[in-house]
Each structure stands twice: as C-alpha cells, then as structure tokens.
Amino acid sequence: MDKKKEAGEVPGEQMRDFSSTTKIAGGINQYQEKDELYDPFDHRDKRHATSDAGSATHLIKSSLGTGILAMPSAVKNGGLIVGGIGTVLIGILCSHCVHILVKSSHVLCRKMRKPQMTYAETAGAAFECGPEPLRKYAGTAKGFVDAALCATYVGGACVYIVFIAGSIKQLGDYYLDEQIPIRTYMMCLIPAVVLLGQIRTLKILVPFSVIANICLTVGFAITLYYIFSDLRPLEEIHYVASWSQFPKFFATVIFAIEGIGTVMPIENSMAHPNHFIGCPGVLNFSMTVVIALYTMMGVFGYLHVGEATESSITFNLPVNERLGQAVKILISFAITLTYGLQFFVPLEIIWNTIESKFSHSWKFAGETIMRVLMVLATVSVAMLVPDLDPFISLVGAVFFSILGLCFPAVVETISCWDGHLGTGYWRLWKNLFLVLVAFFALISGTWISLVQIIEIYKPAVTNSTVSTDLNGSILLTTLKSVLNETTT
C-alpha cells in the first residue's frame, strides 16, 4: 500500500505504460511510429556500467597493440607523404564505419525493442528488419559475423606468435654461437600459450593485462626515445612509394587501427551510451588519439630507420644495447601475457557452438581439449608463415576489410532502406563506395601478401620442382624444414 502511495499510481495505469515503453520483445510487423517512445538505454543493466572516461580508455587500449609497431613499415610502403596522409584518411574511414555501426545498432534496438545488441546481433537484426527478400538471411548474417570475428581474433593470435618468436630469435642470435630457426622458438612457446589458453574467466586475466600494459608503456617509451634521438635527412627517404606497395600499406594500416570487434561490448557497457557517438563523443575523442599516435609512430619511425624498416620497429632497435634488449624483452613478455585475452573471444564462440555435443560429465574435458587444439592451430599457422610482414597484411586484408569496412556499410544500407537513404540516395552511394574500398583492400592486399609468402619458400625450391607443381613443392619444402628444425 505504501508503495502505491509513494509512486502515485492508479490501478491499471502501469499496464498501459508497459505496452508502449517497457516492452522488450516485439515483432517486426508490429513496429509503428509510437515505438520510437521505447528508449533502449533506459532498460540496460547499469550496475557495472563504465564511465565515459573509462570507455574511452578501453577503446584506445583495444586499438593499441602490435599494430602500432608495424606502422613505420606501413609508411615505408606508402611513402612519407602518402603514408602520413593516408593513415589519417584510413583512420577517418574506419571511425566512420564504427559510427554507422553503432548508430544502426541504436535504431535497430528501438525497432526490436531490445536494450542492447552485439555486432552479430546487429547484423542479424538489420536483415530481419530489412526488405522482405533479405529477412530469411538474418541467421546467416549473424553467423557470418560471429565466424569472421572468431577468425579475426585467431589471426591476431597467430600474429602474436610470430612477433614473440621473432623478438626472442634476435636476442638468441646475439647471445648464442649458432642461429636457431624461428620455428624452434615458436615450439618453445607452446607450453606458455597452452596454459594461457586454458584461462576461462576474464577476472583471472586482469592481473596479466595490468602487467602487460605496464610493460607495453615502458617499451613504447624507450622505442620513442630511440626514434626521436636520430632522424634521417629527408633526402634519404621516399615521399611516394610505388603503386605496387600501396595495397600492402592499406592492409597494414587497417590491421593496426581497426578494433571493430570490441566496439559494441564497450558501447553496451557504458553508463551513458548516448555519449558514445556525437560531438565530441567518446568515439571521436578516442579515434583522434589513436590516429594521432599511429601517424606519429609511422612517420617518425620511418624517418628514424628509412628503407631498412622491419615489419616491427622493435626489430630495428640495436640488439647490442641494453635498452634495445629491454624493449624486445618487455614487449615480447607483454604480448605473451595478452595472448590469453586475445584468444578469449574466439574460444568462447567456438565452445558455445559445440558445447551441446558433449554430455555433462564430458564438458570440462571437451573444452580443455578444444582449447589445446585451437592453441596448437595458431602455432601451426604461425610456423607455416614465420614472416611477420606478409602475415599482418594478410590478416588486415582478409578479415578487417570485411568486418571493419564492408559489413558496417551493408548494415546501415539495409537499416535505412525503407525511406531513410537520404536525398538522392546519398547513403546508398556512400556505402557502395565503402564496399568497393573494402573489396579493393581484400583482393589486392591478399594477392600481395600471398605473393610475399610464396617468395619466402622460393630459395628452398629447386628449379625442377618449380616447373612441375608449385603448391605441392611449397608444402613439401615446408614440412621438411619443420622436421629438420624440430630435430635440431
């Protein structure tokens, strides 16, 4: 009775309000203009919500990783002018795609009367609310995004293995009398990454992330010290690289900047989700910081090393100096600790897909075996492509071009198809341009990366085998080299 007096309610009044403001699930065909009264932000669980500052920190952290160390190599492939300006333009393009994805998710939450959606759920809802012929593909779109996100994280984990092994190999070659093959170092990483892959709660990964962030901060600071302590004269660098290198530049920058997989979880956990997009907004602030850091690292890193820039700027640091060795150790250690977090999402997606196939008594053993096999798969792929440069370009071209550029444009187009494409259908033409850019990055970047990967094995292939069957020769040569190195 006291509650009724306190709320000032009339019997039956709360039920009338419920039908228009608090309905969570509704059919697409029942959607009308009055459904705009439904505010999904009012129905989110905000007990553990993050502030705007915390969300901006998470967004910046999710975009900063091994990719920033590859930016000098990216600028080398574009040239100083093209690389510097191109990094800013690609960053703006990626930011716009994140913006339209989040905005489309907000609109679809109102249509579906759901408080929040993931990336995959947003894609599925776009098809479900779109034109009648596309609605039957809603489940396919959702499954495709989940699979692409899983493959993206797996590809990133493979890049981590190659990076860690490459850094350790530099130190090993300096201190040991003989040079140990990089694949041997990768196999030595198996016990550590298998244990990290068995961590099944994010709470346990928090201490690892804290230590990794400290190591990365110190490593980046020392790297910047080396970069700004010695800059090459402008006469020794190229302002514009050849057009054949541009696809590689584009794919590397997309891999470095793009963090589309973490955008929706960050936005869904905000205390004020309406602050994510807009001006200034959490997204605009975070991406401005990210683009500035990546452009600075790329331009000045290239000015420091010149055409001798390696796939990671840390590989160019002097291995005979204590500070240079410290950077390699700190960043390698940090990336190793981050492996568990990087691999957490795909392992969860895969296990949720196959969990129903195991009985209750076998679930723990089944998940353990699945995690071990997935970790071994990342190490195996890394051993097949032990060069970091084409690997980064390949992952950026295949996965991030689709998830970061193509699918956000498709989602917005389908969401706005019913009379919201703008004057002269400008949204349709704009998104068509984004799709074409994504396919250009996909096709050209993949082609250049595969050519580079084939070049890795060419010296080991004899002239006679090249003329018969190139693919079989590469596979046979790879298996032989792995076996020989394992014996060593």
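Author: Axes are lines fitted to C-alpha atoms, for helices over the stretch in contact, and angles between them run from 0 to 180 degrees between N-to-C directions. The model is predicted, so that local features need a pLDDT of at least 70 and side-chain atom pairs count only at pLDDT 80 or more, while totals for chains, interfaces and linings use all residues. Residues are numbered from 1 along each chain as its sequence is written, and side-chain values use heavy atoms, leaving out hydrogens and water.

Helix 6, which covers residues 80-112, is the part to follow; helices are DSSP runs (H or I, at least four residues) numbered from the N terminus. With 33 residues at 1.5 Å a residue, helix 6 should span 48 Å, and because its end C-alpha atoms are 47 Å apart, the model agrees with that expectation (the expected span is 1.5 Å times one less than the number of residues). Just after helix 6 comes R113, which takes a positive phi of about 55°.

One partner of helix 6 is helix 14 (residues 282-305), and the two pack at an angle of about 160° with their axes 10 Å apart. They are therefore roughly antiparallel to each other, a label given to angles over 145 degrees, while those under 35 count as roughly parallel, 65 to 115 as roughly perpendicular and the rest as oblique. On the side of helix 6 the contact (heavy atoms within 4.5 Å) includes L80, G84, T87, V88 and G91, and on the side of helix 14 it includes L283, M287, I291 and Y294. Sorted by type, the residues of this contact are eleven nonpolar, six polar and no charged, where Ala, Val, Leu, Ile, Met, Phe, Trp, Tyr, Cys and Pro count as nonpolar, Asp, Glu, Lys and Arg as charged, and the others, Gly among them, as polar.

The chain averages a pLDDT of 80, and 84% of the residues score at least 70, pLDDT being the predictor's confidence in each residue, from 0 to 100. Over residues 1-34 the pLDDT is below 50, and this stretch has 30 contacts in the model beyond near neighbours in sequence. Residues 461-476 also stay under 50, with eight contacts beyond four places in sequence. Where pLDDT is low, the predicted coordinates should not be read in detail.
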